[in-house]
Amino acid sequence: MKSNATTRNRRPVGGFAMLEALVALLICAMGVLGVVGLQSAMTRAQTSATFRAEAAFLAQQLVGAMWTDRTSNLTTYDTSGTCNAVCTDWLARVSSRLPSGTATVTVTNAGAVSIDIRWTAAGESQSRFTMATSIN
């Protein structure tokens, strides 16, 4: 009889379903935060890759212009001296297409060309693209 009396006086345990729901909600929230973090990292990497591709394209564009004008005007593309009109336009494109974009072009009399492009994306350190070629 005693066991019967203790069973009747015992209260049913409540709130267990609420605890399960809270744990499930916590796990779901952690998953959503992980996906948001991954999306942020992918966006940052894609932006960085876009700027690198743009820098490579701009360097190739200047080298193409140099190849078409390689006879006697090659040294006029050097940014340490007098930069010709094509070079000046190209420098303006670098600064407009890349964030805080700057470029240095070095040309020797032997036809060795070095193009150094730098830019700084928001919240990142300075990035750099360097190309060296020979135009004969």
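## Overall architecture

The protein chain exposes about 9,400 Å², and carbon and sulfur atoms supply 61% of that area. The model is a predicted one. Of the 136 residues in the protein chain, 23% are buried.

The secondary structure of the protein chain amounts to 3 helices and 3 strands. Along the sequence these elements follow the pattern α-α-α-β-β-β. Among the contacts in the protein chain with a separation of 6 or more, 45% are between residues 24 or more positions apart.

## Nonpolar core

The largest nonpolar core comprises 24 residues, and those with the most contacts inside it are Met66, Trp90, Leu98, Ile115 and Ile117. Two or more residues come from each of the elements α2, α3 (85-97), β1 (102-107) and β2 (112-120). Helix α2 gives the most to this core, with 8 residues.

Ile115 is found in strand β2. Its relative accessible area is 0%, under the 20% limit, and Ile115 is therefore classed as buried. Not counting residues up to four places away in sequence, Ile115 touches Ala59, Leu62, Val63, Trp90, Thr104, Val105, Phe129, Thr130 and Met131. Ile115 and Thr79 are 36 residues apart in sequence, with a C-alpha to C-alpha distance of 9.8 Å.

For Ile117, leaving aside neighbours within four places in sequence, the residues in contact are Ala55, Leu58, Ala59, Trp90, Val94, Leu98, Thr102, Ala103, Ser127, Arg128 and Phe129.

## Cysteines and the disulfide

The structure holds 1 disulfide. This link is formed by Cys83 and Cys87, whose sulfur atoms lie 2.1 Å apart. The angle about the S-S bond is -115 degrees, and the link of Cys83 and Cys87 is left-handed.

Cys87 is buried because its relative accessible area, 0%, is under 20%. Cys28, by contrast, has a relative accessible area of 47%; this value lies between the 20% and 50% limits, so Cys28 is partly exposed.

## Surface patch

A nonpolar patch on the surface is formed by Phe16, Leu19, Val23 and Ile27, which together have about 420 Å² of accessible area. One of these residues, Leu19, lies in helix α2, which spans residues 16-68.

Definitions and conventions. Residues are numbered from 1 along each chain as its sequence is written. This is a predicted model: local features need pLDDT of at least 70, side-chain atom pairs count only at pLDDT 80 or more; totals for chains, interfaces and linings use all residues. Side-chain values use heavy atoms; hydrogens and water are left out. Patches are made of residues with over 30% relative accessible area and no salt bridge: like charges are joined within 9 Å, nonpolar side chains (Val, Leu, Ile, Met, Phe, Trp, Tyr) within 5 Å. Accessible areas come from the Shrake-Rupley method with a 1.4 Å probe; for residues, only the protein chains shown count as cover. A salt bridge is a side-chain nitrogen of Lys or Arg within 4 Å of a carboxyl oxygen of Asp or Glu. Helices (H or I, at least four residues) and strands (E, at least two) are DSSP runs, numbered from the N terminus. A disulfide is a pair of cysteine sulfur atoms within 2.5 Å. Buried means under 20% relative accessible area, exposed over 50%, partly exposed in between (1.4 Å probe, protein chains only). A nonpolar core is a set of buried Ala, Val, Leu, Ile, Met, Phe, Trp, Tyr and Cys residues joined through side-chain atoms within 4.5 Å. Contact means heavy atoms within 4.5 Å.
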